[in-house]
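Thank you for asking me to look through this model. My comments follow as numbered points, with the structure placed ahead of them for reference.

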Amino acid sequence: MDHILYDYRPPNLATWIYLSSLLTMTIYFKFNRIWSLRNLDLVALTAFAPGLFLVERGGDTQRLGFVWLFVVGGLFMIRLLVDSMMVRRPLLEPNLSSGGLIFLGFALLMFLMVNVLTKDLTESDLAGPRRLQALLSRTEPPDQASLAEYGPGYPLLHMLPTIITKPLVEPTEATSEDARQAVVQSAVARTTAVL
């Protein structure tokens with residue numbers, strides 16, 4: 001993205017979480033009604049951040065991070081089940097107009113998509129498409145380590161982008177099968193991240 005925006009450096013995961021939490025609070029938090037249900041929902045949404053940090057760190061803290069995310073998700077499920085029994089109140093408008101919200105959402109989507117499309121892929125980014133290719137060609141059975149780390153549905157998540165991206169990279173006489181597979185796997189990983 002440096003060639004589109006001069007001297008642009010994408011932020012890391014922690015910076016994205018901090019900025020998105022602050023931006024969400026700025027746009028939707030009602031400062032004149034502190035104890036409104038919407039404000040409590042926004043605070044609960046930002047409660048996912050510590051769990052995401054712990055999962056990202058890995059190691060011994062990863063398990064605690066998954067427990068944190070499970071508990072916060074359970075609280076949200078209870079909140080959604082109780083929501084149908086609550087009395088409806090007048091709609092609270094956001095702190096930003098509809099046009100501003102649309103522009104902001106579109107701009108954030110573009111920044112995130114360009115980051116995904118221009119960033120170099122790592123081996124772990126390509127693990128899902130490679131596993132899917134192996135499963136679809138039935139060349140190797142799913143190993144227990146992959147199932148324990150990603151779960152049984154992880155390779156299947158990449159199937160939809162494979163259908164979308166395959167016509168874009170049809171082989172020509174000049175390209176080898178390995179080069180074509182590398183392009184397909186890269187496109188699948190990027191498309192999945194964008195979707």
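Predicted model: local features only at pLDDT ≥ 70, side-chain atom pairs only at ≥ 80, totals over all residues.

How are α1 and α3 oriented to each other, roughly parallel or roughly antiparallel?

1. Helix α1, spanning residues 13–28, and helix α3, spanning residues 48–57, have axes that come within 11 Å and cross at roughly 175 degrees. Since angles over 145 degrees count as roughly antiparallel, α1 and α3 are therefore roughly antiparallel to each other.

2. On the α1 side the contact is made by L13, A14, I17 and Y18, and on the α3 side by A49, L52, F53 and E56. Sorted by class, the contact of α1 with α3 has seven nonpolar residues, one charged residue and no polar residues.

3. The count of aromatic pairs comes to three. One of them is formed by Y18 and F53, a tilted pair with 5.7 Å from centre to centre and 50 degrees between the planes. Because Y18 lies in helix α1 and F53 in helix α3, this pair ties together parts that are 35 residues apart in sequence. F53 has a relative accessible area of 22%, and is partly exposed.

4. A further aromatic pair is that of F48 and F76, whose ring centres are 5.6 Å apart and whose planes stand at 15 degrees, so the pair is stacked. This pair links distant parts of the chain, with F48 in helix α3 and F76 in helix α4 (residues 61–83), 28 residues apart. F48 is partly exposed, with a relative accessible area of 22%.

5. Y28 also lies in helix α1, and at 33% relative accessibility this tyrosine counts as partly exposed. Leaving aside residues up to four places away in sequence, Y28 touches R38, N39, L42, P94, N95 and L101.

6. Helix α10, which covers residues 177–194 and has 18 residues, reaches 26 Å from its first C-alpha to its last, close to the 26 Å expected at 1.5 Å a residue.

Methods
Residues numbered from 1 in each chain as written. Heavy atoms only, no water. Axes fitted to C-alpha atoms, helices over the stretch in contact; angles between N-to-C directions. Helix = DSSP H or I, 4+ residues; strand = E, 2+ residues; numbered from the N terminus. Parallel < 35°, antiparallel > 145°, perpendicular 65-115°, else oblique. Contact = heavy atoms within 4.5 Å. Nonpolar A, V, L, I, M, F, W, Y, C, P; charged D, E, K, R; others polar. Phe/Tyr/Trp six-rings, centres within 6.5 Å; stacked < 30°, edge-to-face > 60°. Buried < 20%, exposed > 50% of the residue type's maximum accessible area, 1.4 Å probe, protein only. Expected span 1.5 Å × (residues − 1).
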